[in-house]
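Please look through the sequence and the structure shown here before reading the report that follows.

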Amino acid sequence: MCSQLLAETGALNLEELMLQGNHIADGGVTALCGALLLPAVQPKPLRVLSLGSTTGGNAIGDAGAVALAQAFDALRLPAIEKLGLDYNSISDGGAEALLAALSKEPTSPKLRMFSISANRLSEPMVQALLKLSKARTFILLSRPQLSAET
């Protein structure tokens with residue numbers, strides 16, 4: 001229902017969507033991605049998607065990261081230039097889904113900056129994302145990470 005509402009209100013006709021600090025959590029990201037995946041929806045090319053920054057995250061965890069990865073995978077989001085997921089609760093499971101989706105060509109060929117600082121990624125996952133950023137030539141902002149206990 002929320003996905004349908006997003007689609008019907010024209011909320012997907014944006015080039016920049018900045019929702020940091022709104023605490024939309026996994027359910028909000030899943031609804032947003034569900035709206036993007038509706039067959040009747042032809043969104044404008046989204047260039048900036050900010051779901052977290054130093055001004056605040058959204059309590060997005062692995063389920064939200066997986067939903068976002070599925071949207072990237074299905075749509076190829078060719079216009080995305082900046083993706084911000086700072087200050088959320090994404091761990092290696094969610095980051096692995098994002099890594100897999102962003103590794104596929106031609107997923108998001110215009111991606112220039114991916115920010116995922118202050119989540120719960122292990123050092124090996126940060127290194128895997130860094131390797132992808134070098135191969136795809138985008139800037140990765142990934143430090144510092146929060147410990148699993150915080």
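## Contacts and the overall fold

Contact means that heavy atoms lie within 4.5 Å. The model is a predicted one, and its secondary structure comes to five helices and five strands, which run, from the N terminus on, in the order α-β-α-β-α-β-α-β-α-β.

Of the 150 residues of the protein, 43% count as buried. If we take the contacts between residues at least 6 apart in sequence, 86% of them join residues that are at least 24 apart.

## Leu 68 in helix H3

Leu 68 is found in helix H3, and with a relative accessible area of 3% this residue is buried, because buried means under 20%. When neighbours within four places in sequence are left aside, Leu 68 is in contact with Val 29, Cys 33, Leu 49, Leu 51, Leu 83, Leu 85 and Leu 98.

A further pair of positions can be followed in the structure: Leu 68 and Ala 101 are 33 residues apart along the chain, and their C-alpha atoms are separated by 9.2 Å.

## Ser 53 in a loop

Ser 53 lies in the loop between strand E2, which covers residues 48–50, and helix H3, which covers residues 62–75. Is Ser 53 buried or exposed? Its relative accessible area is 15%, and Ser 53 is therefore buried, since the cut-off is under 20%.

The side chains of Ser 53 and Thr 55 are joined by a polar contact of 2.7 Å. Not counting residues up to four places away in sequence, Ser 53 also touches Gln 20, Asp 86 and Tyr 87.

## The packing of H4 and H5

Two packed helices are described by the angle between their axes and by the distance between those axes. Helix H4 (residues 92–103) and helix H5 (residues 123–136) pack at an angle of about 15 degrees, and their axes are 10 Å apart. Angles under 35 degrees count as roughly parallel, and H4 and H5 are therefore roughly parallel to each other. The crossing of these two helices, H4 and H5, is left-handed.

Which residues of H4 and H5 meet? On the side of H4 they are Asp 92, Ala 95, Glu 96, Leu 99, Leu 102 and Ser 103, and on the side of H5 they are Met 125, Ala 128, Leu 129, Leu 132 and Arg 136.

Methods. Residues numbered from 1 in each chain as written. Predicted model: local features only at pLDDT ≥ 70, side-chain atom pairs only at ≥ 80, totals over all residues. Heavy atoms only, no water. Axes fitted to C-alpha atoms, helices over the stretch in contact; angles between N-to-C directions. Helix = DSSP H or I, 4+ residues; strand = E, 2+ residues; numbered from the N terminus. Parallel < 35°, antiparallel > 145°, perpendicular 65-115°, else oblique. Left-handed = near helix turned anticlockwise from the far one by under 90°. Buried < 20%, exposed > 50% of the residue type's maximum accessible area, 1.4 Å probe, protein only. Polar contact = N/O pair within 3.5 Å; in protein donor to acceptor, adjacent residues only side chain to side chain.
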